[in-house]
Amino acid sequence: MSRDTPELLKGTLDLLILKTLQSGPLHGYGIARALEEKTGRALQIEEGSLYPALYRMTNKGWIDFEWGLSANNRKKKSYRLTTKGKKLLREKHAQWSEFTAAVALVLEEGTAS
Amino acid sequence: MSLITDGWMRLRSVLSKRERDRQIEEELTDHFDALVRDLVERGLSPIDARAEATTRFGDARVIRKELRSMEAQRINREQRSSYFEELSQDIRYGVRQLFKKPAFTAIVIGTLAIGIGANTAVFSVLKGVFLDPLPFDEPHELTYIWHGGTDGGCCGPLSGPDYLDIKEGTETFEDIAVMVTRNTNLNSDGEPVMVLGARITPNLFSVLRVSPAMGRPFTEDDQIVGNRAVILSDGIWRNRLGGDPAVIGSTIRLNRETYSVVGVMPAGFNAPSPWRLNRTHDIYLPFAKEEIDQAARNSHWLLAIGRLKRDVPVETGDAELKSISESLAEQYPNTNRVKTTYVHSMHERLVGRVGTQLILLLSAAGFMLLIVCGNVASLLLSRATARQTEMAIRAAVGAGRSRIVRQLLTESLLLSTVGGGAGIALAVAGMTYLRSVIPTDIPRITNIGIDGMVLGFALLISIVTGILFGLAPALSASRSNLTESLKESRAAPQAGSRRAVLRGALVASQFALALVLANGAALMVQSYLRFRGMEQGFDPENVLTVNVSLQGESYDDVWDRDYFLRESIDRIAAIPGVRHVGATSKLPLNGGTNGHVWAEDDPDRDPNLEGPLIEFSRVSGHYFAAAGIRLVAGRLPTGDDSLAARPGTIINQEMANRLWPDEDPIGKRYSFRTDPPHWMTVVGVVEDVRQWGPYTRARAEHYLPYTAPGWAQGHRMYLIVKTDIEPLSIVGQVRQAVLAVDPDQPISEIRTMEGVLSEEFAGQRFNTMLVGMFAGIALLLVSAGVYGVVSFFVAQTSREIGIRMALGAAQSKVLGLTILRGLRLAAIGTAVGVGGIFATMKVIRSLLYGASPVDIPTMIAGVVALICVGLFASLVPARRAARVSPVTALRSE
């Protein structure tokens with residue numbers, strides 16, 4: 001995703017992060033790699049957009065962070081979904097489905113004819 | 001484990017910005033390194049990997065900035081919400097705690113209410129009387145202009161020609177107006193009634209910047225003799241004339257003459273006279289031009305009010321008028337040679353002298369409040385000991401010390417604000433009573449009330465009080481050692497003894513404050529009694545005084561007035577129970593009128609020099625007998641004395657001493673400074689009677705027979721009636737007697753001489769009463785404080801006492817030791833208090849009317865009294881200590 005991510009795509013990034021965290025807490029790098037893998041390397045999040053998104057979502061209360069110790073005793077910050085975040089994930093997921101369905105309808109129309 | 005790491009990291013990021021940035025840095029670096037590692041794993045060279053990672057991260061600086069600001073936002077929001085959460089927690093907890101101990105809470109709130117209420121009430125008086133600006137536009141520009149002597153004497157009214165010259169010559173004043181106050185008889189339907197009138201120059205309203213609410217102000221035409229115009233006050237228009245909207249153009253009868261109403265002033269307006277502080281002028285009449293133009297230059301009778309030009313200070317106006325006086329002195333050496341002018345700000349003259357007194361009263365109330373704080377702090381400290389376990393547990397569960405202190409302070413503030421609210425209620429309730437007992441020589445009484453500023457003041461002192469008495473106990477209570485307090489069921493000795501020392505210090509300081517207060521009160525009482533018991537020079541017992549106002553054309557001739565007086569006196573003398581009747585133009589102690597005189601055979605008499613200033617009044621009938629003024633030499637005036645070419649007069653001792661020291665004054669002649677001089681002969685000398693209130697020495701004075709020529713025409717006279725029975729019981733008959741002589745003549749200012757005398761002391765009485773009350777409450781509080789501390793001590797050491805007694809200590813010894821504790825506090829406190837008395841000595845001088853504030857016998861009495869208080873307050877707990885059964889004490893552990 002490019003730096004000048006328009007609102008629509010920023011919202012999508014949020015949705016993806018929320019979904020990624022649904023399976024369990026992850027640190028920042030973990031989130032980036034998980035997304036890469038899930039999409040089969042089709043989607044590559046730029047690190048520059050990831051952290052601002054994470055901090056923003058923390059401020060909004062959708063995710064929360066926790067400092068812990070890594071295997072080699074280094075301080076590591078990991079993120080997890082909050083209750084509010086879980087609810088939002090469901091909403092945004094539904095919104096996305098509606099949106100894509102609508103777009104698909106429009107596009108198919110052209111093809112059909 | 002991770003909980004601790006997380007908490008630790010969060011705490012550090014809250015506390016230090018650098019740490020916050022470091023943590024962001026760490027997170028990003030972590031990601032970077034992990035990325036590089038992965039890329040290397042996928043086959044890139046380390047260098048290429050780093051380059052790739054850097055590209056992927058983009059503009060690191062921008063990102064960092066963004067992250068930092070978002071992190072800062074997050075922390076702020078977190079802190080704010082937790083702050084409010086904690087505050088509401090504290091308040092709820094505090095309220096619950098207070099309800100748990102209702103007696104304690106009630107006592108504390110009660111004493112706080114008294115302390116804060118008293119301060120609020122006194123402050124409301126201070127504000128209404130002194131702090132509030134005068135009810136005029138730009139009141140700081142308004143001044144009074146007085147005539148004084150170059151020898152420094154001040155302050156008298158101006159003369160007409162002097163006023164006109166000053167008014168013309170001034171450049172610092174925007175305008176100057178003059179006025180005099182006259183009692184006037186209003187003859188409306190029904191009984192004639194006396195109203196307060198003011199004769200004014202038409203520009204008085206413009207100087208004060210007020211316009212009539214109805215009709216018009218006075219013009220120059222109104223000043224022509226014969227054009228009888230009058231302007232009414234709002235009060236009299238509503239009360240006496242029914243608020244008739246068609247009043248303009250209607251007529252009223254004043255002094256039996258018809259006047260036409262041309263205007264009505266707005267509600268609340270009153271021409272400000274410094275001699276009638278709480279009375280409203282009912283009507284305004286214009287001076288005739290000649291009254292001022294053609295008056296004598298050395299007849300001083302006009303109250304001058306001037307408005308300075310914008311931004312001109314009073315001192316500049318004063319200096320200019322003084323120089324104008326100097327040029328007048330050169331122009332008219334006969335009359336003005338030793339005259340000068342004084343300019344005083346109106347605010348200063350009207351309320352200035354009361355300001356100091358009120359501030360001192362407020363300080364006394366403040367002392368009392370401090371003592372209240374001491375008591376409450378002491379009570380809280382004792383509670384701290386009881387709540388030790390609670391505090392220790394809270395600390396163990398993780399509440400920081402600051403959190404505990406905050407919570408305890410919240411409790412204290414809760415107490416003090418509730419106490420403050422109760423205090424405000426007390427003050428409001430007491431406001432009506434206060435306004436009725438406040439002495440009438442305090443100006444602007446109607447302006448006293450509880451308004452926003454007063455409420456703000458109450459709130460402020462509630463908060464300050466809460467912090468004052470709450471801080472020390474809060475700090476002390478939070479300093480608890482968990483293990484120790486859980487181990488011992490009684491007080492942990494360290495914290496306990498530290499607290500005991502603190503409480504002891506509190507009580508000692510309360511003693512000091514109470515001593516200063518009690519000493520002040522004792523001195524004030526002494527001073528009051530001394531002044532009250534002074535020989536006044538007249539006998540006020542069973543004397544009735546009424547005022548009659550002989551104005552208008554029918555009384556222009558002195559013989560007409562004289563006839564009225566003689567007739568009235570004769571009729572009143574016929575009333576059963578009346579012993580003597582007389583008349584005078586001024587009452588003792590009620591101010592005076594004065595002028596300069598010459599003695600005839602004064603060989604050094606320089607015609608250009610003014611003689612000494614003499615008070616004068618006119619008398620008729622058996623005035624001296626009625627007033628009980630003793631004759632010390634010569635004889636009383638007879639009828640012939642007023643007819644003689646050189647009328648015979650009575651002078652007082654002071655005048656005799658000043659004009660003819662060491663000589664017999666009988667037969668000596670003197671005159672006022674008229675041209676040609678009008679000689680009068682002394683026929684008798686009477687005792688001195690004070691003219692200017694009970695605190696000023698008697699001045700030289702002479703009494704003129706009524707019809708004798710001279711100054712002070714005597715249009716306004718007081719009838720003095722000495723009775724064998726209660727004076728007020730004959731008021732109706734006196735009124736009838738006067739009406740029989742003149743049916744349009746009301747009597748007014750009906751008082752007894754005792755009442756007049758008492759009124760003079762009303763101010764001192766009021767101050768003394770208040771301070772005495774504060775001192776009394778303070779002593780009560782102090783004794784409660786000592787009692788509390790010593791009881792506490794007994795309770796804490798009952799075990800030790802038990803041991804002592806088991807080992808054979810006599811009861812009396814235990815008693816003695818306990819009492820000694822209380823006495824020691826009293827001793828330290830009074831020692832500090834004595835220092836305090838010396839320190840505040842200059843300050844309270846003005847409340848004592850001349851008595852010295854450092855009066856050793858009184859101080860010693862105060863010290864002894866306080867030590868006795870300490871003694872008796874310790875007695876009860878001491879006896880309890882002595883009755884401790886050693887067996888019980890040792891057993892109950």
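B:E291 is partly exposed, with a relative accessible area of 27%; partly exposed here covers the range between buried (under 20% relative accessible area) and exposed (over 50%), computed with a 1.4 Å probe on the protein chains only. This glutamate pairs with B:R199 in a salt bridge whose closest N and O atoms lie 3.0 Å apart. By salt bridge we mean a side-chain nitrogen of Lys or Arg within 4 Å of a carboxyl oxygen of Asp or Glu. Because B:R199 sits in strand β4 (residues 193-200) of chain B and B:E291 in helix α9 (residues 289-293) of chain B, the pair ties together parts that are 92 residues apart in sequence. Helices (H or I, at least four residues) and strands (E, at least two) are DSSP runs, numbered from the N terminus.

Before we go on, a word on the ground rules. This is a predicted model, in which local features need pLDDT of at least 70 and side-chain atom pairs count only at pLDDT 80 or more, while totals for chains, interfaces and linings use all residues. Residues are numbered from 1 along each chain as its sequence is written, chains are lettered from A and ligands numbered from 1 in the order in which they are written, and side-chain values use heavy atoms, leaving out hydrogens and water.

Now let's visit another pair in chain B. B:R630 and B:E687 form a salt bridge, with 3.1 Å between the closest N and O atoms. Here, too, distant parts of the chain are linked: B:R630 is in the loop between α19 (623-627) and β16 (631-634) of chain B, and B:E687 is in the loop between β19 (679-686) and β20 (701-705) of chain B, 57 residues apart. B:E687 is buried, at a relative accessible area of 15%.

B:E26 counts as buried at 15% relative accessibility, whereas B:R22, at 39%, counts as partly exposed.

Salt bridges also join into a network, which links A:D64, A:R80, B:D6, B:R10, B:E71, B:R74 and B:E78. Over all chains, the structure holds 48 salt bridges.

Finally, chain A itself. It has four helices and three strands, following the pattern α-β-α-α-β-β-α along the sequence. Of the 113 residues in chain A, 39% are buried.
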